[in-house]
Every structure is written in structure tokens, then in C-alpha cells.
Amino acid sequence: MAQRLALRRLLAGPGRALGTSAGRPSAFNVQDGGDFQERVVNSAKPVVVDFHAQWCGPCKILGPRLEKMVAKQEGKVVMAKVDIDDHTDLAIEYEVSAVPTVLAMKNGDVVDKFVGIKDEDQLEAFLKKLIGA
Amino acid sequence: IIHYCLIKSHKEAAKYEKKVMVLDFVTPTPLGNSWGLGGTCVNVGCIPKKLMHQAALLGQALQDSRKFGWQFPEEVKHNWMTMTESVQNYIGSLNWGYRVALREKKVTYENAYGEFVQPHTVKATNKRGVEKLYTAERFLIATGERPRYLGIPGDKEYCISSDDLFSLPYCPGKTLVVGASYVALECAGFLAGLGLDVTVMVRSILLRGFDQDMANKIGEYMEEHGIKFIREFVPIKVEQIEEGTPGRLKVTAKSTKGNEVIEGEYNTVLLAIGRDACTRKIGLDKVGVKINEKTGKIPVNDMEQTNVPYIYAIGDILQDRLELTPVAIQAGRLLVQRLYGGATTKCDYVNVPTTVFTPLEYGACGYSEENAIQKFGEENIEVYHSHFWPLEWTVPSRDNNKCYAKIICNIRDNERVIGFHVLGPNAGEVTQGFAAAIKCGLTKEQLDSTIGIHPVCAEVCIRSHLPIPASVAFWDKHNLGR
């Protein structure tokens, strides 16, 4: 996959900058199973997990849109990003078939989920439900 | 290395509540390239090939479109990176789709290199070197093939193969394609179609094993459309003049007919001289599976069983079988149905249709003309043929005498159609239906009594005409101009 990765890096440009206008990053890339356990399953705050793939067009639209709406919630919810090719075990464990798949997690449990693209209003409702419930 | 077809048969086996495991591992190419689940076809074969062929056809369509009234600036350029990213994205989605499919059928998947260590036992080694042992009641080998290298100085360091081409992270530039296989000609074809300077170096004939009359027509068309051919030469040395993406390479080649030596400079050298079965390093000797020592291929009976009763094989590694994805898929599916579903149907390897996606596409089913003559005798076969001019080519003034269809019939058997050959646009689409008709025992009379669809290229196959003296070009008045 070396060449494919080289191809992607060339096309993706420098870094995968994740940040918000407020300065505090509200989204992070999951590094491995342990990272997921610590920062998602054991998270004190509710977490939205964005399962995405490099080859998935709609993911490239949903990702930034979701990040923007998460940032609007002023730290009440955290966003974790999982590349399903890098972390296939995780994706399989959480039964991800199609991407993007977004899970809403609270206290280690999956409390909500959607697959595919949503608009900003729909995302806001999804997030508010997660925070509020 | 497990072929796509293996996934099909694993899904099939899992249907019968059998515990199934897939060991899939891609040994990186000399340049370090690798890929995901799905085998050659999905990752470095049919799929990316057809998509890039389509990219080239679209380039031609853009040129044609002006005559149909479309207006846009004179110079239209192609971006290799955009095309390659799109192709790789699609392949990525297929890789993932297979992972999901295996999981849904509860097939255990390991990205590890499998080799036999003793009867009924394989060792699986993952990329980190961790080894595990597995035992099973039955085994299915579908390890496929990998591109052959020339064995000359500089081949592995500087040359690429089809394993590298479809994800090359830079435009290959001026390319030398070595080989005359369908892989070589298809790749040369689309590279030239994208606007690159392409040369094909051929040792002897084009498309060995295919109807040579058709093969020569394909070569002629490519040559007339700007692809250079160097015939009867083989490379003896590849040196790097300058590093880069792409760099500059110097190729030295020797004539097969004498002592003449030539040199050429290219950005990329693509080797497409054949593929070798991946059967030599999977421990077949440990379990007694016989292979053809010269070719590496595995002889199997008509049930795809090797000489070891509990070990089966399918796909490109089989001796005396066709190297085609759909053949492997069908063989795998039927094998599992026989083993676990009580079925008895064997895979039918006769009259398998195929298509070569060269710039002028070639679809074929059944005997080549030379094989038909050899098998049935020249006096017992009748060849009907016709040139045709696709309607879509008339307005843009494209070649009016290149597309061609040929039907070979067995006079002794009710003029049964035993060979079908068509050279023209959408050859694969045209051929598929005729393959089904041939399987049903199509005769010339039935063909003649079928009414054509008008105006399409395929209708020429219904109404092709008797062979005429070679010097006269015959055009049915219905075809001409249309």
C-alpha cells in the first residue's frame, strides 16, 4: 500500500490540521485501540465518532461539517475520527459497513448512530440530543 | 494472495455453515507497492485497467465532440493524478466492501502469508512476522500470479509493472512498454490515449494465443494512431540517467534476429512480458501437491482438485485453464456447491468469452481461425466477415475501414458458430450476448434469421458476408455511410 499512501499524501497536502476558531481542538484522530478506549470509551464527555475512509467522497463533505457543528457546542461534546483502513479492527468491532458512519457515544455505550451525509441542522439536532439526553 | 474469486467461494462455503478462513497477503512489488483485499482483478488488473481505458476513450470522445457541436478551447489536457486518485478511491471502496462481506458471512480474515507446513496445516505469517498455525479439513489455493521480470541489469530497480502502474504517484511520461501480451497492449493503448509518448517493444508476435488475424489488426490500428512499435528486439540493460518522478532511463536492446543493438531514452519502462504463478513458496512440497516445475502451474481434475484429495485450486494458477476472473469465480462457486451443497455441476471451460481493451476493442468467443482450421480442417469451416463503420464515427470522420467482425462456422455441424470475433467499440458488450447464444448452439441459419438492431455495431454480426478475394474491400451498402 506504500505507493497508494504516497499518492494520498501528495494529494492531501501538509498535515491534517484539526482545530476550531475557539482555538481548542474539538476533534482528534484516533491513534490506536488504546487511544480509543481512553479518549472515547472512558471519556467523561459524550463523544461523536466519525468513521471515515480516504477513498470516500461523502466523508470529505461530512467530516468538516460535523467538526464545525461540534465546535459550536462549546466543548460539551468531543469528536473522534477513525480511518477505517487504518483501524479496521475498530470499524469491524463497531459494525461499520458503509462510510461515513457516525456514532454517538456516552459512557462507553453507543446511544445513537447515522450513516451517510447530513446537513448542518440535522447534525445540530443529533448533537443536541446526545448532549441533552 | 487471494483472488477475488476466493472471496466468492468463501462466502459460498460460509453459506453452508462451514467455518471458513481467508489468508490474504500481498508481497510488495520490488518498488514497495502493495494493495488491499480483492486480488489482482480489483487492485491491479481488470478494474483499474478498464477505468483508465475509459479515461482514454473519453479523451477521444472530447475530440469527436467538436464535430457534434461542442465548443471548448483547442487544448484539452489530462491530469494523471486526478485520474489515479479517483481510480484508487473506487478500489479502496471495493477492498472495504469485501471486508464487510466476509464479516457478514462470518469468514475469518487474516492479512497474513499462508504456507503449508505439514498435512492439513498452514502457517500464517503477518507483516510483523508473527506466525500462527491453523488446521483445516480442506484447503483452496487461489494465489494467482505476479508480473515476470526480464532478469536483466536494472529491471527490478528501475522498471515498473502493472502492479505499480495503476497507483503510480506521478505521470509516467514517455513510456516504453516491453511485451506484446494483452496487458502490454492495453496499457500502451490507454497511456497513448491520455496523450503520452508510447513505444511498444515486441520480441515476436502480438497477443500470443489469440486469433492472429485479429491481433495484427489491433497492432495496425495502434500504430496508425501514434503508438510506436519496435519489433523483434528485447531489452538487455536498463540504466538510470537521472532520478525523478519520473526520472530518465536508458534502455539498451538487442535484435532477436542478429547482432544489432539499439538504445532509447524513456521516463518509464513498463514490463508486461508475462505472469508467474505464486506456487513455489507456499509449501506445496510439504503436503505433496504436484506442480508443473517449468511453469509453476497446478494441474487439477475437472473438479478443481489437485493430486492431494483435500486440497483444491482455482484461478490463474491452474494448468491448461483460462486466466480470467469470471472463470475463477464460477469455478470457485461451483466447487463449493459441489463440496457442501450436494451439487454436481462442473465448471464449463468451453466457449468462454473474453475482451481485450486495446484502443480498438476486441471481443472473442470460441475458436480462433487458425485453431478452427487445425481442429476441423480448412475445408470444413466457413468464415463470414465484414468491415463496418460505427455510425458514431461517421460525423467525426474516424476510420471507416478498421472495425471488423468475423464469424467462424463448422460446415459439418449444421454451420454451428464455433468462433466469434469482433473488433470495434464496446466489443465486450457486443460479445457477451453472442457468447450465451453460442452456448445454446447457435448456427449460421439462426444468426441469419435474427433481426438486427439498427443502428448499432453489433448488427454487423448478424449480417456478415462470405469471404472475398483479399484485394477487394467489401462494404455492404447498408453499412456504408449509414
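Me: Which residues of α3(B) meet which residues of α7(B)?

Reply: This is a predicted model, to begin with. On the α3(B) side they are B:K49, B:M52, B:H53 and B:A56. On the α7(B) side they are B:Y182, B:E186, B:F190 and B:G193.

Me: What makes these residues count as meeting?

Reply: The test is heavy atoms within 4.5 Å.

Me: What classes of residue make up the contact of α3(B) with α7(B)?

Reply: There are 4 nonpolar, 2 polar and 2 charged residues.

Me: How do the axes of α3(B) and α7(B) run?

Reply: They come within 8 Å and cross at roughly 35°. Helix α7 of chain B covers residues 182-193. The crossing is left-handed.

Me: Which residues join α3(B) to α4(B)?

Reply: From α3(B) come B:I47, B:P48, B:L51, B:M52 and B:A55. From α4(B) come B:W80, B:M83, B:T84, B:V87, B:Y90, B:I91 and B:L94. By class, that is 11 nonpolar, 1 polar and no charged residues.

Me: What is the geometry of α3(B) and α4(B)?

Reply: Helix α3 spans residues 46-65 and helix α4 spans residues 80-104 of chain B. Their axes come within 10 Å and cross at roughly 145°. α3(B) passes α4(B) in a right-handed crossing.

Me: Why is the pair A:K129 and A:D112 called a salt bridge?

Reply: The closest N and O atoms are 3.4 Å apart. The cut-off is 4 Å, between a Lys or Arg nitrogen and an Asp or Glu carboxyl oxygen, so this pair qualifies. A:K129 lies in helix α5 and A:D112 in strand β5 of chain A, so the pair ties together parts that are 17 residues apart in sequence. Over all chains, the search finds 32 salt bridges.

Me: How many salt bridges cross the interface of chain A and chain B?

Reply: The rule finds 0 there. It does find 4 residue pairs in polar contact across that interface.

Me: What does chain A bring to the contact with chain B?

Reply: α1 (2-12) and α4 (88-93) of chain A each supply at least two residues. α1(A) gives the largest share, 7 residues. The side of chain A that touches chain B divides into 10 nonpolar, 4 polar and 4 charged residues.

Me: How much area do chain A and chain B bury, and how many residues are in contact?

Reply: They bury about 1900 Å² between them, 59% of it on carbon and sulfur atoms. The contact takes 18 residues from chain A and 24 residues from chain B.

Me: What makes the bond between A:V99 and A:P100 stand out?

Reply: It is a cis peptide bond, with omega about 0°. Most peptide bonds are trans. A:P100 sits in the loop between α4 and β4 of chain A. B:T245 and B:P246 are also joined by a cis bond, with omega about 0°.

Terms used. Residues are numbered from 1 along each chain as its sequence is written. Chains are lettered from A and ligands numbered from 1 in the order in which they are written. This is a predicted model: local features need pLDDT of at least 70, side-chain atom pairs count only at pLDDT 80 or more; totals for chains, interfaces and linings use all residues. Side-chain values use heavy atoms; hydrogens and water are left out. Buried area is the accessible area (1.4 Å probe) that two parts lose on being put together, summed over both. A salt bridge is a side-chain nitrogen of Lys or Arg within 4 Å of a carboxyl oxygen of Asp or Glu. A polar contact is a pair of N or O atoms within 3.5 Å; within protein, one must be able to donate a hydrogen and the other to accept it, and residues adjacent in sequence count only if both atoms are side-chain atoms. Helices (H or I, at least four residues) and strands (E, at least two) are DSSP runs, numbered from the N terminus. Ala, Val, Leu, Ile, Met, Phe, Trp, Tyr, Cys and Pro count as nonpolar, Asp, Glu, Lys and Arg as charged, and the others, Gly among them, as polar. Axes are lines fitted to C-alpha atoms, for helices over the stretch in contact, and angles run from 0 to 180 degrees between N-to-C directions. A crossing is left-handed if the near helix is turned anticlockwise from the far one by less than a right angle, and right-handed if clockwise.
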